[in-house]
Structures are given as C-alpha cells and as structure tokens.
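User: Please take a close look at the disulfide bonding in this model, and then at the nonpolar core. I would like one connected account.

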Amino acid sequence: MTALSLAAASLPTQATEAAETPAVPEVGCPTADGRTVLYAGKTTASYFWDDGSGVNGDTGAPASGEPMQKGLAASPSWPMGTKGYVIYQGKKAEFFVGDRGPGVPSSSGVMLDLDGKTFAELTGGTWDSDSLTVEGAGGLGHIPVKYVITEWGKGRGKTGAPKPFSTGAYGVRDQAEPPPPCPTAAPAPSEESQTTASTPAAKAAPEAAAKAAPAQPLTPASPAPADQAQAAAAAMAPFAGGQDAAGGASPAAPAATTGTASVQAVTPVSATGDPSGGDDAAPAVSAAIVVCALVAVGAKAVHSRVTRRPSGEEAQ
C-alpha cells in the first residue's frame with residue numbers, strides 16, 4: 001500500500017492534456033516500435049516511491065519483490081508484470097506493474113501510481129530523493145494520462161479495464177484473451193488459398209484448359225472448276241456402261257447407296273429400243289436422289305465423255 005498516494009488523492013487536478021499528443025494505435029494494431037496494443041484507455045495517475053526507507057510514509061518494498069526503481073508502477077488490479085506506457089501532454093513514459101495501489105484513491109478513479117521520477121519527468125518537475133517528492137511541478141499530485149498495455153503480466157490480477165483496490169481483483173488468476181485483428185491492417189491470405197495456389201494441379205490448370213480447348217477445324221480450299229469437272233466425270237464413270245479400255249463392254253455398276261440417297265445402275269440400251277444393246281447405245285440414268293450436287297460444268301463433262309464415240313466404233 002502507498003501512503004503518499006493516499007495523501008495525494010485530496011489534491012485537485014490542475015493540468016489538462018495538451019492538444020498535440022502522440023497517436024495511440026487501435027487495439028490489435030502495432031505500435032511504432034513493433035509491439036501490439038492489447039488494451040488502451042484513460043485514467044488519473046498519482047505517484048509514489050516505496051524503497052523501504054520509511055521516509056514520507058514509505059510502507060516498505062514493492063509487493064513484487066522488485067527493488068523500487070524508475071518505471072515501476074502500482075496498479076490496484078492489473079496482473080503483476082504487466083507492461084505498457086503512459087502519455088501526458090505529448091510526453092511518453094514506459095512502466096511495468098510491480099506493486100499494488102493506489103488504495104482508497106482507486107475508488108475515486110485514480111487507477112495508476114507512477115514512480116516519482118517518471119511523474120517528475122512528465123510534469124516538468126524534479127525528483128527530490130531526500131523528501132521523496134516531486135518539486136517544481138506546481139504542486140501536482142494527479143495527472144490525467146492515456147495508458148497503453150502492450151504485455152499482460154503472468155502474475156495474479158485482472159486484465160482489461162482497471163478495477164478499484166476494494167474489489168480484490170488483484171488476487172484473481174485471469175487468462176488474457178488475444179487481441180482482435182488490427183482493423184487498419186490488410187487481410188493476410190488464408191492458408192487454404194496459399195496451399196491451393198502452390199499445388200501442382202493449380203499451376204497446371206491454365207495449361208490443361210488450353211489443351212482441352214477444341215481446335216478450330218480447317219476449311220478446305222474449294223477446288224477449281226476444272227478439278228470439279230474431272231472429279232464429277234470420275235464419279236459417273238461406273239454408271240456409263242459402254243466399253244472399257246480394252247474395247248469390251250463394261251459391266252453395269254450396281255446401285256450405290258449413300259445415306260438416304262440411292263443411284264441405280266446404268267443399263268446400256270439401244271436407241272431404237274433393242275434390248276440387246278446396239279452400236280448406238282446411250283446410257284439411261286435413273287436417280288432417286290442425287291447426293292452430290294454436280295455443278296453444270298461437271299454434268300457437261302460427264303455427258304461429253306459418255307456420248308463421244310470414235311468414228312471407228314460406229315462403222316463396226
């Protein structure tokens with residue numbers, strides 16, 4: 001317990017925060033030196049110095065067993081070993097919780113006891129090691145501060161907002177919860193997306209898609225008219241009858257069927273109606289449906305080949 005803090009509770013607060021104050025990061029966000037803000041708030045701070053000398057109401061060594069030193073603070077509820085810093089009128093000071101207090105003043109909102117040397121630096125005063133008081137600070141005994149917690153201690157105590165000493169929160173065992181994500185930080189890629197992006201299947205997907213795409217069929221070039229005529233004549237040659245290359249009669253071609261279209265064979269007949277087939281035979285073509293649409297030049301070429309006979313044949 002700190003005697004000086006009890007006396008300081010009756011002193012009126014005579015200072016206000018300066019307009020220019022270092023910005024306090026949001027909970028979960030990093031500080032300028034890379035620490036994470038676990039909790040932050042405002043309270044009223046007093047000062048003490050308990051070194052066991054018995055001077056000015058000294059009640060003995062700090063409860064943590066740590067020697068009294070600059071930066072050691074007393075809290076009525078935070079776990080022993082908790083670390084952070086306070087800001088007052090643009091000045092920043094580090095602290096760690098190593099003692100309990102203030103006592104009665106904590107019920108009036110004085111939730112933090114800073115060591116006398118730190119208090120003197122923040123208020124622009126000087127520390128008197130003989131009287132264990134702050135001099136030259138206009139008699140200030142309390143100041144409004146912003147506090148930032150960057151590490152919860154592992155000792156007994158309650159995390160979160162400070163509680164008055166009378167609640168007994170200093171004696172509980174509390175489990176600190178992890179801070180929420182920093183609201184201003186860019187979201188990190190999920191583990192699943194990183195794993196998916198790094199798998200061979202994901203890397204090969206673009207190549208597989210390219211290979212799976214159907215190739216565009218090539219359009220064959222249209223044959224020239226002369227080639228069309230030759231192809232038509234060759235197609236109709238089996239139906240022409242007449243003589244083969246050796247001068248004999250070519251056998252009649254059987255009916256050719258393609259899909260739903262059929263073409264009957266050509267039977268050589270006599271122009272005078274003689275079924276025995278005379279010299280002046282001409283082909284008669286019966287077609288139910290002609291599958292290939294012959295161009296005019298092809299039909300003409302076929303007709304010329306069928307009807308043309310050497311003059312020697314007629315003489316025979």
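**Disulfide and core**

Analyst: In this predicted model, counting cysteine sulfur pairs within 2.5 Å gives one disulfide. The partners are Cys-29 and Cys-182, with their sulfur atoms 1.9 Å apart. The torsion about the S-S bond of Cys-29 and Cys-182 is about 90°, so this disulfide is right-handed. As for where the two cysteines sit, Cys-29 belongs to the loop between α1 (3-8) and β1 (39-48), while Cys-182 belongs to the loop between β8 (143-151) and α3 (191-198). The pair therefore ties together parts that are 153 residues apart in sequence. Buried here means under 20% relative accessible area. Cys-29, with a relative accessible area of 5%, is buried, and Cys-182, at 14%, counts as buried too.

Turning to the nonpolar core: the largest one has 30 residues. Trp-78, Val-86 and Ile-143 are the residues with the most contacts inside this core. Two or more residues come from each of β1, β2 (72-74), β3 (83-88), β4 (91-99), β5 (110-115), α2 (116-123) and β8. Of these, β8 gives the largest share, four residues.

Leaving aside residues up to four places away in sequence, Val-86 touches Lys-91, Lys-92, Ala-93, Phe-95, Leu-112, Leu-114, Leu-122, Val-145, Lys-146 and Tyr-147. As background, nonpolar side chains tend to be buried together in soluble globular proteins.

Terms used: Residues are numbered from 1 along each chain as its sequence is written. This is a predicted model: local features need pLDDT of at least 70, side-chain atom pairs count only at pLDDT 80 or more; totals for chains, interfaces and linings use all residues. Side-chain values use heavy atoms; hydrogens and water are left out. Buried means under 20% relative accessible area, exposed over 50%, partly exposed in between (1.4 Å probe, protein chains only). A nonpolar core is a set of buried Ala, Val, Leu, Ile, Met, Phe, Trp, Tyr and Cys residues joined through side-chain atoms within 4.5 Å. Contact means heavy atoms within 4.5 Å.
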